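Subject: Structure handover and findings

Hello,

The sequence and structure are below, for your files. My notes on what was found follow them.

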Amino acid sequence: MKSQEIDRIWHWRITAGAALLLFFVMLLGVSFGPIPLDFFQIVRTILGLDGGLQDEERILFLQLRLPRVALAALVGAALATSGAVYQTVFRNPLADPYLLGAAAGAGLGATLALTRGNQSFYAALPLFAFVGAVLAVLATFLISGKSSANPATLLLSGIAIGSFATAFQTYLQQRKSEVLRPVYSWILGQLTVADWQVIKWAGFYIVVALFILIRMSRLLDGLLLSDEEAFSLGISPKKIRIIAIAAATLATATAVSASGLIGFVGIVVPHLVRGLTKRATNRALFTVALSGAAFLVLADLGSRTLLSPAELPIGVITAFVGAPFLLFVLRAKRVLN
Amino acid sequence: MRYGDFYALDHLNLDIPRGSWTCLVGPNGAGKTTLLKTLLGNKAYDGSIVIDGVETYKHLRNVAFVPQRPEIPVGMDVSEYVMLGRARLDGWGRESRTSRQIVHQMLEKMHLSGMRHQLVAQLSGGEMQRVLIARALVQEPELLILDEPTSALDLHHQIATLDHIESLQKSGATIVSTMHDITLGAMYAERIIIMQKGRVLLDGPSDAVIHSPELKTAFDDRISIHTLDNGRPVIIATRNSS
């Protein structure tokens with residue numbers, strides 16, 4: 001019999017598949033390393049059953065591996081989702097989470113913390129980076145003023161603020177050249193700082209921001225159209241745009257301050273999901289978040305194991321794997337038509 | 001409605017009855033599209049536009065809009081695009097079964113079923129226009145605003161599309177459209193408003209307006225009006241020399 005309704009635009013099976021993928025990738029992430037841990041023992045430990053990990057292995061798992069993998073997942077989800085949201089808001093497939101000056105602002109904040117030079121400022125680095133990112137995005141909004149409703153103006157203001165913050169950061173770092181190395185390694189991104197404390201506060205902001213964005217996914221779809229069309233669909237484009245940018249910036253700023261600058265996740269993952277599912281709708285956001293988490297957990301695994309016992313900066317891995325993969329998907333699916 | 005010192009709309013006073021079809025005609029730059037967008041409520045204006053006693057900009061209403069130049073989203077296929085029209089009725093949540101059935105029926109009606117998996121960015125002008133109208137119709141709007149709904153369509157689809165709009169009107173919706181093809185406009189709309197330089201030149205029942213001298217004035221006397229054997233008026237452009 002001929003079907004009397006169209007297929008679901010978004011099927012829950014895709015989301016479930018991504019969740020399953022994330023689960024297995026995280027399992028891989030916690031078991032691989034200089035000291036391999038047993039899969040089944042890990043699962044038993046998580047479920048609180050007998051026959052789980054013991055002694056040093058248990059500590060290694062609970063205090064080192066698990067927080068690190070969890071942070072990678074959180075940061076990956078935050079960057080991928082806010083990337084997808086920025087691409088919608090700016091109707092620009094090349095928009096990334098650092099677009100509005102968040103990265104440069106965070107970099108400036110981090111450099112300020114490092115040039116102070118004493119230990120207490122080192123500990124406050126995430127806070128400095130967070131404040132820097134939020135201030136930069138606010139400045140972007142203030143500069144574009146009344147016309148901030150226009151995506152192009154906002155984008156250009158973001159570039160201006162970004163350049164300014166980067167210039168200032170370079171100036172600071174040249175004046176105090178001993179911070180060059182720590183600044184540089186922070187800019188390349190690192191997840192080594194992961195502990196449960198970081199995960200608690202970063203997790204809170206990221207989960208709240210992503211929850212808001214995922215809940216408003218069909219409203220966000222309206223921003224893919226002209227403002228008049230969005231309005232006629234019952235969407236207030238200006239309001240939605242501001243809420244979306246605020247939530248995406250909160251997620252980005254939190255991710256940057258917890259883990260430094262990890263590039264490419266925000267572009268690669270959304271396009272991968274869109275390319276593979278052949279869907280442009282923001283209904284994909286939850287799947288994008290899960291896939292971003294899986295992507296970064298895998299990248300972190302690579303950064304820990306490829307040059308073991310040394311570590312590659314995770315930003316190098318994401319760009320190294322992400323760039324060619326993105327090109328492949330774009331060519332195969334002609335997402336950019 | 002003003003752009004700098006230029007008034008795109010000036011001293012307009014219109015009353016549009018529920019369930020009517022009003023067609024705006026006039027030369028380019030007369031303010032037709034601006035009036036449509038102002039009705040939509042997404043443009044600031046001096047004065048007042050009221051639907052059911054509520055100022056339009058204060059309340060997002062179920063008003064569908066078919067623009068002349070839509071923003072084409074990247075990577076979106078036809079069924080996904082038409083489903084956008086159901087988002088509000090689905091309460092912004094997941095798409096309901098009813099919505100999927102309604103979109104299915106609409107795609108069949110508009111001869112779009114075969115291309116439901118095609119990207120909207122790859123459609124021809126006429127196909128895109130049908131997709132836009134399908135999106136507007138699945139909204140089940142109380143007011144439907146159309147900017148040149150037939151300009152990109154072949155003759156067969158012009159009539160088919162206007163028939164769909166008319167059936168929506170018969171189910172109680174109010175229609176306001178612009179149309180360059182005045183002949184076609186007069187066939188469907190019961191009321192025609194001639195606009196010139198942001199003002200209403202003439203407003204009345206289609207038959208009366210189409211035979212009025214003001215129509216010629218609005219187009220600088222560059223049109224002539226003929227009547228066919230069956231009594232239908234036909235309007236054609238004339239050249240300077242004739």
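I start with a helix pair in chain B. Helix H3 (residues 97-109) and helix H4 (residues 125-138) of chain B pack at an angle of about 140°, and their axes are 10 Å apart. Axes here are lines fitted to C-alpha atoms, for helices over the stretch in contact, with angles running from 0 to 180 degrees between N-to-C directions. Helices (H or I, at least four residues) and strands (E, at least two) are DSSP runs numbered from the N terminus.

This is a predicted model, in which local features need pLDDT of at least 70 and side-chain atom pairs count only at pLDDT 80 or more, while totals for chains, interfaces and linings use all residues. Residues are numbered from 1 along each chain as its sequence is written, and chains are lettered from A and ligands numbered from 1 in the order in which they are written.

Helix pairs

H3(B) passes H4(B) in a right-handed crossing (left-handed if the near helix is turned anticlockwise from the far one by less than a right angle, right-handed if clockwise). On the H3(B) side the residues are B:Ile102, B:Val103, B:Met106 and B:Leu107, and they meet B:Ala134, B:Leu137 and B:Val138 of H4(B). Contact means C-beta atoms, placed from the backbone, within 7 Å. By class, this contact has seven nonpolar, no polar and no charged residues. Ala, Val, Leu, Ile, Met, Phe, Trp, Tyr, Cys and Pro count as nonpolar, Asp, Glu, Lys and Arg as charged, and the others, Gly among them, as polar.

In chain A, helix H6 (residues 125-144) and helix H12 (residues 237-259) pack at about 150°, with axes 8 Å apart. Their crossing is right-handed. Among the residues that make the contact are A:Phe130 and A:Val134 of H6(A) and A:Thr252 and A:Val256 of H12(A). The classes in this contact are nine nonpolar, four polar and no charged.

Core

The largest nonpolar core has 167 residues, and those with the most contacts inside it are A:Ala73, A:Val297, B:Val82 and B:Ile145. Such a core is a set of buried Ala, Val, Leu, Ile, Met, Phe, Trp, Tyr and Cys residues joined through C-beta atoms within 7 Å. A residue is buried if 20 or more other C-beta atoms lie within 10 Å of its own, exposed if 12 or fewer, and partly exposed in between, with C-beta atoms placed from the backbone. Helix H3 (residues 55-89) of chain A gives the most to this core, with 17 residues. The core lies between domain 1 (1-61 + 143-242) and domain 2 (70-141) of chain B, because both give residues to it. Leaving aside neighbours within four places in sequence, A:Ala73 is in contact with A:Leu22, A:Met26, A:Ala293, A:Leu296 and A:Val297.

Domains of chain B

The domain bounds come from an automatic or database domain assignment. The C-alpha centres of the two domains of chain B lie 25 Å apart. Their contact takes 11 residues from domain 1 and nine residues from domain 2. On the domain 1 side, H5(B) gives the most, with four residues.

Chain interface

Which chains touch, and with how many residues? 27 residues of chain A are in contact with 34 residues of chain B. H11(A) gives the most to the chain A side, with five residues. That side has 11 nonpolar, seven polar and nine charged residues.

The buried residues include B:Lys32 and B:Lys37. They pack against H11 of chain A and strands E3, E6, E7, E8 and E9 of chain B. B:Gly41, with a positive phi near 100°, follows H1(B).

B:Val120 lies in the loop between H3 and H4 of chain B and counts as buried, with 24 C-beta neighbours inside 10 Å. Its C-alpha atom is 7.0 Å from that of B:Ile72, 48 residues apart along the chain.

Most residues other than glycine have a negative phi. A:Asp55 has a positive phi near 45° and counts as exposed, with 7 C-beta neighbours inside 10 Å. B:Glu148, in the loop between E7 and H5 of chain B, has a positive phi of about 50° and counts as buried, with 20 C-beta neighbours inside 10 Å.

Regards

Notes. Two residues are in contact if their C-beta atoms, placed from the backbone, lie within 7 Å.
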